[in-house]
Amino acid sequence: MAVTKIRKMSSWTLLIVSLISLVVLGLFFGGGVSNPGEEMKEYVNTGLLINWTTGLFFITIACMVLFAIWQFVSLLTSNPKSAVTSLIVAVAFVAMLFITYSIGDATPLGGMNADSQKYNTAGWLKITDMWIWSTAILLVLIIAGVVWGSVKRMISK
């Protein structure tokens, strides 16, 4: 019964977050631009989109940390080897974030308006690169995990 509750809760959470994301994207693209006719468009609801994605990012990181701690503590008493493995995964994730932040490019972008210049700093540029690189790495790892699981299942039959 607990699995059914977890599935229902995660399904509803995914549905609500997806609907809110679609509304935010609709407002972003359908909200118009503040400088029509110019070469670089300035969408009116850019701040809303940035705030929504930043909020999702930090909520995801907070949940990941809390669930990793919870899993580690619960596994420590029953299966110490699995507890260490889960701790290694969490440490590898933090290391990946540090490495991708370190390889980020801090070169200021050209051709930006005055309002966007406050985000054209080394810190924001490196954080943006960290998000992009981390997303790409995790996507590759997910695809590799799916392929590995499928091959392993086919071999074991």
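Trp 124 has a relative accessible area of 39% and is therefore partly exposed, a class that lies between buried (under 20% relative accessible area) and exposed (over 50%), with a 1.4 Å probe and protein chains only. The model is predicted, so local features need pLDDT of at least 70 and side-chain atom pairs count only at pLDDT 80 or more, while totals for chains, interfaces and linings use all residues. Residues are numbered from 1 along each chain as its sequence is written, and side-chain values use heavy atoms, leaving out hydrogens and water.

Rings of Phe, Tyr and Trp (its six-membered ring) form a pair if their centres lie within 6.5 Å; planes under 30 degrees apart count as stacked, over 60 as edge-to-face and the rest as tilted. The count by this rule is seven aromatic pairs. In one of them, Phe 28 and Tyr 43 are tilted, at 4.6 Å centre to centre and 40° between the planes. Because Phe 28 belongs to helix H1 (residues 2-30) and Tyr 43 to the loop between H1 and helix H2 (46-78), this pair ties together parts that are 15 residues apart in sequence. Helices here are DSSP runs (H or I, at least four residues), numbered from the N terminus.

Phe 28 is buried, at 10% relative accessibility, whereas Tyr 43 is partly exposed at 26%. Ring pairs also bring in Phe 29, linking Phe 28, Phe 29 and Tyr 43 into a cluster.

The pair of Tyr 119 and Trp 124 is edge-to-face, because the planes lie at 80°, with ring centres 5.7 Å apart. Tyr 119 is partly exposed, at 39% relative accessibility.

Methods:
Helices (H or I, at least four residues) and strands (E, at least two) are DSSP runs, numbered from the N terminus.
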